Amino acid sequence: MVGTHRLLLENARQVVLVCTRGERFLTRAALSSLAVLEDASLVVGTDGFIKAIGPADAIQRQFSEETFEERIDCSGKCILPGLVDAHTHPVWAGERVHEFAMKLAGASYMDIHQAGGGINFTVECTRQASEDELFDSFRQRLLCMMRAGTTLVECKSGYGLNLQTELKMMRVIARAQQELDISISATYCGAHSVPKGKTADEATDDIVKNHLPKLRELNRSGEIHIDNIDVFCEKGVFDLDTTRRILQSGKDMGLQINFHGDELHPMKAAELGAELGAQAISHLEEVSDEGISAMATARCAAVLLPTTAYMLRLKQPRARKMLDEGVIVALGSDFNPNAYCFSMPMVMHLACVNMKMSMPEALAAATINAAYALGKSHTHGSLEVGKQGDFIIINSSRWEHLIYQFGGHHELIEYVIAKGKVIYKKC
């Protein structure tokens, strides 16, 4: 029966499938060679999901009598899955470019934090900003990420630290989920820092007794949508006991646990996350060997952030140890006022150079494994029939150029496509 489809991508030099058998993540030997088709085409249906992938001549025969809303000739080009950014803080007001100069002069993250900068500075500015002001800047940041190839992004609150501002941030994220083409995994991160005038125990009580019940109510009514709960488990912020209490309360209301752990000090956060059934833990610069083993056993993803280690001059996360132990390794940009990077191609490049990952490992970490970290690898992160039609098309005969080139990705990426719809085309 003749039908209409949304999109035909035809005659690509390479199509990087990443997975072919419905894998939810890749580890160990499966990362050594990703699934790649040569001289292939791809079809997306009007529902925005992939209908067929295969050799160009076979697709041409199969769909010779079908019609398409749009056709793109990909001759000499490569098609890859839309990139997945598994960790960002993109809703905030107040620039912190002045802090970069302080860091270059030798100030540590905690030095700046204790001087009234860092998270506390952003909190004050974000509390004062209107919802529309926050949305406008958030929208521009998401568009920058999208033009760099990201089609699914995790977005955190966390610059409110009081119920009113945290709800304002979650409404901004919900508005973007409704109005923009990029897919968003929403994270409540009210425990990003201890508010001024409170102890960690008092902040925890406020979150558990006031924030979470209100968030549950608004989530059920559809006013907001929350996927994940996050806590900054760190010395001088939230310790293991307060972190456990907040994360368990979030889990009890149906949220995935996806939190900051073992960044600046060894906290045994990885062990805690594995025990609680966390979907993912981010940072992990100071993770223990026991924590790595526990995460591997629990299938808890490690979201590594090479931009943060680079910009803060921290030691790099032990990516090779994690990969060798069978941990599900994912990547994120950690976009925030302290680590201002929109580009997952640059994140992958840094992961290869500074964390000694291979290019296939980095691409898997920025696609299928990052999608797994967000609980979305059944629909995102690879090019397989039945998955959402999110792609990037690069003007190169080899997909590795997306990582090999350091910068200049805006010249390399010709199209970004979400749900079979072109959402960016290079002029």
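Me: What are the ground rules for the model?
Reply: It is predicted: local features need pLDDT of at least 70, side-chain atom pairs count only at pLDDT 80 or more, and totals for chains, interfaces and linings use all residues. Residues are numbered from 1 along each chain as its sequence is written, and side-chain values use heavy atoms, with hydrogens and water left out.

Me: How many residues are in the largest nonpolar core?
Reply: 113, with Leu142 and Leu331 having the most contacts inside it. A core here is a set of buried Ala, Val, Leu, Ile, Met, Phe, Trp, Tyr and Cys residues joined through side-chain atoms within 4.5 Å. Buried means under 20% relative accessible area, exposed over 50%, partly exposed in between (1.4 Å probe, protein chains only).

Me: Where does Ala148 sit?
Reply: In the loop between helix 5 (131-147) and strand 7 (150-156). Helices (H or I, at least four residues) and strands (E, at least two) are DSSP runs, numbered from the N terminus.

Me: Is Ala148 buried or exposed?
Reply: Buried, at 1% relative accessible area.

Me: Switching to salt bridges. How many are there?
Reply: The structure holds 24. Each is a side-chain nitrogen of Lys or Arg within 4 Å of a carboxyl oxygen of Asp or Glu.

Me: Which residue does Asp230 pair with?
Reply: Lys156, with the closest N and O atoms 2.8 Å apart. The pair links distant parts of the chain: Asp230 is in strand 9 (residues 228-231) and Lys156 in strand 7, 74 residues apart.

Me: Are those two buried or exposed?
Reply: Both Asp230 and Lys156 are buried.
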